Amino acid sequence: MAKKTDETLSFIEQLKKDLKDDSIDISKLSDPSNDIIREPTGILALDNICGGGFPKGRWIEIFGMESSGKSLLATLVCAHAQKKGDMVAWIDMERTADNKWFARLGVDTDKMLVIKPTSAEGAFKALNTLIDSGKISYIVLDSVASMATEKEIEEEPGKQNMAVMARLLSTEMRKLTGKLDSTKTTVILINQIRSAMAATAYAKQNTTTGGKAIGFYASLRLWVKKLTDPSTYIEDRNGERLAHSISIRVEKNKVGSPGKTGSFMLIYDGGPDNRTAIIGMALQAGIITKNMAMYYLDVDGQSISARGERALLEKIQQSPKIQKYLLSALHIDPTYADTFESDKRELAVAEGLATMVKLPEDE
């Protein structure tokens with residue numbers, strides 16, 4: 001084995017000499033530089049279905065119907081990145097980046113860059129400059145559907161320009177893919193769903209805007225849906241919504257398993273409720289077992305039982321020992337160590353403030 005390894009290294013060195021081009025990188029796949037770096041998103045359920053977080057230095061597409069939570073999801077990811085000291089930027093084509101709303105979701109608005117181009121070409125020029133700086137961890141482009149090329153802006157309304165945006169996206173994404181990897185900058189593209197023009201009973205009914213380039217170049221594609229059943233949201237006594245649940249499906253994953261789905265509840269003034277995600281992961285792994293409404297857990301020989309999810313959460317909340325055990329057994333990233341430090345659901349169920357329409361443990 002050692003001899004074959006030596007031969008491989010010698011061959012790589014010879015190739016480099018023959019190429020005489022430092023811009024072409026040659027290495028063994030086992031080299032650490034070829035490992036995909038994954039960053040926790042701050043949403044444990046999302047990390048779980050993506051394979052450990054968002055891959056760095058890649059294109060990521062978040063798409064869905066209107067008001068499904070696409071921009072909201074990207075905002076939460078940016079807020080978590082800022083907490084780790086990373087710099088983030090928002091290319092605001094829709095002019096909807098609101099200071100107060102972003103701050104409510106946990107974004108440090110003093111440290112987030114907001115760029116407002118007037119054309120698609122301007123957006124990609126800004127994107128190129130931000131990537132070249134090497135200082136940005138996440139760049140969100142909101143959204144692909146709202147971009148218009150300079151040609152579209154200058155010409156008369158209603159004049160058709162076939163696939164102008166698709167061609168632009170294909171060219172720019174092809175040019176920037178290598179830069180993203182070298183600078184480890186992740187670009188999140190927000191996209192919308194449209195009805196397919198050639199939809200039939202046997203063909204796709206929906207498609208995303210911008211042609212096929214995004215689907216080809218994105219390493220991760222997430223389909224976001226807002227759950228609208230009364231059991232999936234929280235509102236106060238005046239009918240104002242304080243939290244809602246979001247469902248995510250991994251449509252494509254070049255660095256992990258596709259097809260996985262997950263959901264989480266977002267409390268607007270508290271962030272994503274990662275505690276219920278931990279319970280779900282523990283159930284799936286068999287660390288916590290359930291029989292009807294009863295939950296069972298063994299920690300260092302100590303048997304723990306609780307009737308209903310709410311009672312189980314309270315027991316976990318009161319025991320740092322159980323918390324440490326669960327985080328360790330599930331191999332959860334250390335950035336989630338403070339998940340149980342504050343009871344985010346207290347905000348939603350506090351007397352006189354809000355009423356949970358339905359809790360899963362009340363089944």
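Trp 101 is partly exposed, at a relative accessible area of 30% (buried means under 20% relative accessible area, exposed over 50%, and partly exposed in between, with a 1.4 Å probe and protein chains only). The structure is a predicted model, in which local features need pLDDT of at least 70 and side-chain atom pairs count only at pLDDT 80 or more, while totals for chains, interfaces and linings use all residues. Residues are numbered from 1 along each chain as its sequence is written, and side-chain values use heavy atoms, with hydrogens and water left out.

By the ring criterion (centres of Phe, Tyr and Trp rings, the six-membered ring for Trp, within 6.5 Å; planes under 30 degrees apart stacked, over 60 edge-to-face, the rest tilted), the count of aromatic pairs is four. In one of them, Phe 63 and Trp 223, the planes stand at 25 degrees and the ring centres 5.8 Å apart, so the pair is stacked. Phe 63 belongs to strand E3 (residues 59–64) and Trp 223 to strand E9 (residues 220–226), so this pair ties together parts that are 160 residues apart in sequence. Helices (H or I, at least four residues) and strands (E, at least two) are DSSP runs, numbered from the N terminus. Phe 63 is buried, with a relative accessible area of 5%, whereas Trp 223 is partly exposed at 25%. Trp 101 pairs with Tyr 268 in an edge-to-face arrangement, with 70 degrees between the planes and 5.6 Å from centre to centre. Trp 101 is in helix H4 (residues 99–104) and Tyr 268 in the loop between strand E12 (261–267) and strand E13 (271–272), so parts 167 residues apart in sequence are tied together. Tyr 268 counts as buried, with 9% relative accessibility.

Charged groups also lie over aromatic rings (NZ of Lys or CZ of Arg within 6 Å of the ring centre and within 35 degrees of the ring normal). The charged end of Lys 225 sits 4.5 Å from the ring centre of Trp 223, over the ring. Lys 56 lies over the face of Tyr 138, with 5.9 Å to the ring centre.

The largest nonpolar core has 58 residues, among which Phe 54, Ile 188 and Leu 222 touch the most other members. A nonpolar core is a set of buried Ala, Val, Leu, Ile, Met, Phe, Trp, Tyr and Cys residues joined through side-chain atoms within 4.5 Å. Eight residues of this core come from helix H3 (residues 70–83), which gives the most. Contacts (heavy atoms within 4.5 Å) of Ile 188, leaving aside neighbours within four places in sequence, include Phe 54, Ile 60, Ile 62, Ala 74 and Tyr 138. A second, separate core holds 26 residues, including Ile 131, Val 144, Met 173 and Ala 218.

Ile 62, in strand E3, counts as buried at 0% relative accessibility. Not counting residues up to four places away in sequence, Ile 62 touches Lys 70, Leu 73, Ala 74, Ile 188, Leu 189, Ile 190, Asn 191, Leu 222 and Val 224. The C-alpha atoms of Ile 62 and Ser 143 are 9.8 Å apart in space, at a sequence separation of 81 residues.

Most residues other than glycine have a negative phi, and most peptide bonds are trans. Ser 67, in the loop between E3 and H3, has a positive phi near 60 degrees and is exposed at 53% relative accessibility. Asp 300 likewise has a positive phi, of about 50 degrees; Asp 300 is in the loop between strand E15 (294–299) and strand E16 (302–307) and counts as exposed, at 62% relative accessibility.

Helix H9 (residues 274–285) comprises 12 residues and spans 16 Å from first C-alpha to last, close to the 16 Å expected (1.5 Å times one less than the number of residues). Among the buried residues of H9 are Asn 274, Ala 277, Ile 278 and Met 281. Gly 286, with a positive phi near 85 degrees, follows H9.

Overall, the protein chain has 12 helices and 17 strands, and 44% of its 363 residues count as buried.
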